[in-house]
Amino acid sequence: RELVLTAVAGAGLALVYAAAELRADRDIVLRAVQQNGFALRFADESLRSDRELILAAVSHSGALLRFAAEPLQADRDVVLAAVRQGGLALRFAAEALRADREVAMEAVRHSPSAFSYVDEALRHDRFLFLEAVKLQGDLLLDAPRELRSDREIVLAAVRHSGSALSAVTKQLSRDREIVSEAVAQNGRALQFASMDLRDDPEIALKAVRSAGAAYMYVAKDLRIKSWFGLQAIQANQDALPYVAEELQVDSDTVLAFADAKRQADRDFVLRAVRRSWRALQFASPGLRADDVIVLEAVQQCWEAVKFATEVGLPTMVEAVRQDWRAIHCFFCEDLSEPELSALAATNPHIVRAPALKHSRHAWMTAVRRNGLILQFAPVEWRCDKELVLEAVRQNAVAFHYAAPALRRDHDVLQAAAQ
């Protein structure tokens, strides 16, 4: 006995090697438990009702409450001692104590996850839950709706765990302060914000600053803007691969343009544009109006005109030559008749643009190059004899697209026959 007493005084877990009768010896077990509470696991069943011994054990580890006899699991002082050492010990407390607000509060303060073990009667306790989410925000995920719609609770939760934003009501997902706090804690939480806040540059940049991958959750209209992409990289270079993929430019080019001096360096921009027309979007406003640079980009792809701040006639001609839809990028009402003629002669289909619907000069030029364009003409031009004649002279098939009255006209019939 003396030998075992000495052994457990130095290493409580040595109790496991003691004889069965010595593991039922109160003095030996008490000394073992005082040295290492986990020694309780090897104590004789008869000692698990010993209040002093159990108190010594749970003061070492609250989880040891599981080995206490049922009467002690219902002992308020014993349970309080256990949850103060480890809040999750609440799971082993008697049902009545799991419904005790003070006991539950102690448990939650020491281990927020203990909230999942409180009695159902306390699951809707606002003050208790607020204490819990201050320490473990993701508890909000399984909370009742009335708690998930409580602004103070939600704010406390997202400050600790931004991902808790996924559990809030639609109304609170539009709350600027809540979303701002959430993305500051976890940038990826931006995906749970309302669309208008995902389109907010300040909120979006805060999210990207916290996590580069948050760029994926920025609203599309903002995400495709080159200036925002450059700001995102300056805020967090981890966003670089996401920016490069979205803007369809290689990472090296994007990173280089993050330097404002490069954006205004004509030689650098020209070299970059020669490698990829998409590089034009990163140039300064002045260089996006440079005829040489813009034309260089447009010769690769007409869509480069979308990045230009000014476009000269040679560039317009090149753009519509590739695709008539390029006309949508120009202010047609500011174009002179000679300019319209040059564009329509290059690609007659430009007259299909709504902005040119009523431009007789443009339609006249177009049908002279391609009579079949008449099929896209509004009624007013299908009834215009001079214009119909030009179309039919260019292609007799255009006759079928003339207004019914003109299809009976002698001159039109004669032109079609020839």
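Predicted model: local features only at pLDDT ≥ 70, side-chain atom pairs only at ≥ 80, totals over all residues.
D50 touches R26 and L72, leaving aside residues up to four places away in sequence; contact here means heavy atoms within 4.5 Å. Residues are numbered from 1 along each chain as its sequence is written, and side-chain values use heavy atoms, with hydrogens and water left out.

- D50 sits in the loop between α2 (26-35) and α3 (51-58); helices (H or I, at least four residues) are DSSP runs, numbered from the N terminus.
- With a relative accessible area of 15%, D50 is buried. The cut-offs are under 20% relative accessible area for buried and over 50% for exposed, with partly exposed in between (1.4 Å probe, protein chains only).
- The side chain of D50 reaches the backbone nitrogen of E52 at 3.1 Å. For a polar contact, a pair of N or O atoms must lie within 3.5 Å; within protein, one must be able to donate a hydrogen and the other to accept it, and residues adjacent in sequence count only if both atoms are side-chain atoms.

**Helix pairs**

- Two packed helices are described by the angle between their axes and the distance between the axes. Axes are lines fitted to C-alpha atoms, for helices over the stretch in contact, and angles run from 0 to 180 degrees between N-to-C directions.
- The axes of α8 (residues 126-135) and α10 (residues 151-160) come within 7 Å and cross at roughly 20 degrees, so these two helices are roughly parallel to each other. Angles under 35 degrees count as roughly parallel, over 145 as roughly antiparallel, 65 to 115 as roughly perpendicular and the rest as oblique.
- On the α8 side, the contact is made by R126, F129, L130, V133, K134 and L135, and on the α10 side by E152, I153, A156, A157 and H160.
- Sorted by class, the contact of α8 with α10 has seven nonpolar, one polar and three charged residues. Here Ala, Val, Leu, Ile, Met, Phe, Trp, Tyr, Cys and Pro count as nonpolar, Asp, Glu, Lys and Arg as charged, and the others, Gly among them, as polar.
- The crossing of α8 and α10 is left-handed; that term applies if the near helix is turned anticlockwise from the far one by less than a right angle, while clockwise makes a crossing right-handed.
- For α15 (residues 226-235) and α16 (residues 240-247), the axes come within 9 Å and cross at roughly 165 degrees, which makes α15 roughly antiparallel to α16.
- The crossing of α15 and α16 is left-handed. S226, G229, A232 and I233 of α15 make the contact with L240, V243 and L247 of α16.
- By class, the contact of α15 with α16 holds five nonpolar, two polar and no charged residues.
- The axes of α19 (residues 266-275) and α20 (residues 291-300) come within 9 Å and cross at roughly 10 degrees, so α19 is roughly parallel to α20.
- R266, V269, L270, V273, R274 and R275 in α19 meet V292, I293, E296, A297 and Q300 in α20. This contact of α19 with α20 has six nonpolar, one polar and four charged residues.

- Q248 belongs to the loop between α16 and α17 (251-257).
- Phi of Q248 is near 60 degrees, a positive value in a residue other than glycine.
- Q248 counts as partly exposed, at 49% relative accessibility.

**α22 and α23**

- In α22, the buried residues are L340, S341, L343 and A344, and they pack against α21 (313-322) and α23 (360-369).
- A342 lies in α22 (residues 337-346) and is partly exposed, with a relative accessible area of 25%.
- The C-alpha atoms of A342 and L313 are separated by 8.6 Å, with the two residues 29 residues apart along the chain.
- In α23, A362, W363, M364, T365, A366 and V367 are buried; what covers them includes α22, α24 (379-382) and α25 (385-394).

**L406 in a loop**

- L406 lies in the loop between α25 and α26 (410-417) and counts as buried, at 10% relative accessibility.
- Not counting residues up to four places away in sequence, L406 touches R382, C383, D384, K385, V388 and V412.
- L406 and L389 are 17 residues apart along the chain, and their C-alpha atoms are separated by 9.4 Å.
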